[in-house]
Amino acid sequence: MNAEELFILDTQESLKKKLTVSRSWILINKNGESKILEMDKYDIMQRVPIHARDLRILEPFISCPPAILGREKAIILNLEHIKAIITAEEVMLQDPLDDNVVPIVQQLQRRLPLVNPISEEGQGEDEEIFPHFEIETSEENEFPFELRALQVALEAICSFLDARTTELVVAAYPALEELTSKISSRNLDRVRKLKVAMTRLTSRVQKVMDEIEQLLDDDSDMSELYLSRKLDGVSSTNNRNGVQDASPTLGSKKSRGNAAMIHGDNDVEELEMLLEVYCTQVEGTLSKLTMLREYIDHTEDYLNIQLDHRRNQLIQLELILTCGNVSLSIYALVTAIFGMNMQYTWRESYGYMFKWVVMLSGIMCAFIFMAIIIYARNKSLIRSWF
């Protein structure tokens, strides 16, 4: 390779570095030791043998659904704010200084190192403070490193979604009760915002649940998450043959075949049980949101019924006023007839009839009004006077 070709390659590499953005990552190894690095996707690809297309789901500015991808030597996680790359020896977590990520980092540092259940001095004091820690640690030690890291991530995302759901439920029920007691624009706008937040949160929880269920439905995808098993298969094959594969694709196929021969094709019971636990937890969170949606729907139905009742009352009032107007129109007709500016012979010597005409007209109007109301009540057009 001459100097010109080297210059072109260096120029391309420099352009790639300029186009990519470095982000903060924290690396946590098997001992719980961590360090923060600034890396772009090319630095990650040099550190972990994964494709650039797999790193697209970790981009913060690209809207990607939750995903758990098992590759030859890494597990790629995109679970809401948890964007991580898990290998058989370390965990790479994006944005470690984020408020939602800091607790996950602390959990990884505490739970990733293997802890001997038979500890030295001071074990009695720890057991008094944390009585269930020994049982939890012994169960976690049965999993390989990558599954322990995956367990922390799943537990974190399930707890995060459940906490958001609890906050939404706590805020929604009083708002719905207040809206039921008093319908106002302020209460309606408050419930509208809560309903929008509930719809978005339901979509997020449903996507996480779909990803876990999709992983549970495919044993081959679950077997891809056993990175330590695949490394054991590759190392045992290399020790027998004394040859190391140069192609990542060929190595991937051979390692999967060797791991299947050593551990069995369907030896994913422990991972399946782990995923079922968190699938059940996410399903419980989704059921809370479903119950909240049903309560909102029932509240909307109640409000619609109440508004229909008010509307019927207005229609009833309008009918009563219309009946009164019809009755008074007869009185107005009599007034118009006797108020004409015309000379009649019968007007003379009959002045005492004026009061009887007025009284009889009024009685007739009241009788017509009552007749119309009674007819409407008999036809169930009016159920009450108010």
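**Core, cavity and loop residues in a predicted model**

Apart from neighbours within four places in sequence, asparagine 100 is in contact with His81 and Phe160, where contact means heavy atoms within 4.5 Å. The structure is a predicted model, in which local features need pLDDT of at least 70 and side-chain atom pairs count only at pLDDT 80 or more, while totals for chains, interfaces and linings use all residues. Residues are numbered from 1 along each chain as its sequence is written, and side-chain values use heavy atoms, with hydrogens and water left out.

Asparagine 100 is placed in the loop between E6 and H3; helices (H or I, at least four residues) and strands (E, at least two) are DSSP runs, numbered from the N terminus. With a relative accessibility of 35%, asparagine 100 counts as partly exposed. On this scale, buried means under 20% relative accessible area, exposed means over 50%, and partly exposed lies in between (1.4 Å probe, protein chains only). From C-alpha to C-alpha, asparagine 100 and isoleucine 157 are 9.8 Å apart in space, although 57 residues apart in sequence.

The chain as a whole comprises 12 helices and 6 strands. Of its 386 residues, 33% count as buried. Among contacts between residues at least 6 apart in sequence, 66% join residues at least 24 apart.

In soluble globular proteins, nonpolar side chains tend to be buried together. A nonpolar core is defined here as a set of buried Ala, Val, Leu, Ile, Met, Phe, Trp, Tyr and Cys residues joined through side-chain atoms within 4.5 Å. The largest such core has 62 residues, and Ile68, Leu93, Leu108 and Leu271 are those with the most contacts inside it. Elements that each supply at least two residues of this core include strands E1 (23-29) and E6 (90-94), together with helices H3 (102-111), H6 (145-181) and H11 (269-338). Helix H6 gives the most to this core, with 18 residues. A second, separate core of 14 residues includes Met39, Ile44, Leu55 and Ile85.

When neighbours within four places in sequence are left aside, the contacts of valine 91 are Ile26, Leu27, Ile28, Ile85, Ile86, Leu108, Leu112, Phe145 and Ala149. Leucine 108, in turn, touches Ile28, Val91, Leu93, Pro113, Ala149 and Val152, not counting residues up to four places away in sequence.

The structure holds 2 cavities of 30 Å³ or more. On a 1 Å grid over the protein atoms alone, a cavity is a set of points where a 1.4 Å probe fits but cannot get out, and lining residues have an atom within 4 Å of a point. Grid points are joined across faces, edges and corners, and a volume is the space filled by probe spheres set on the points. The second largest cavity has a volume of about 40 Å³. Its lining consists of Leu77, Ile82, Ala84, Ile86, Val91, Leu93, Ile104, Leu108, Ala149 and Ala153. Elements E5, E6, H3 and H6 give two or more residues to this lining, and E5 gives the most, with 3 residues.

Serine 24 lies in strand E1 and is buried, with a relative accessible area of 16%. Beyond neighbours within four places in sequence, serine 24 is in contact with Ile36, Leu37, Glu38, Leu93, Gln94, Asp95 and Pro96. The C-alpha atoms of serine 24 and aspartate 95 are separated by 5.4 Å, and the two residues are 71 residues apart along the chain.

Backbone angles were also considered. Most residues other than glycine have a negative phi, and most peptide bonds are trans. Aspartate 95, found in the loop between E6 and H3, has a positive phi near 55 degrees. This aspartate 95 is partly exposed, with a relative accessible area of 36%. Glutamate 80, in the loop between E4 and E5, likewise has a positive phi, near 60 degrees, and is partly exposed at a relative accessible area of 23%.

Note on methods
1 Å grid on protein atoms, 1.4 Å probe; cavity = no way out; pocket = protein on both sides within 12 Å on 5 of 7 lines; lining within 4 Å.
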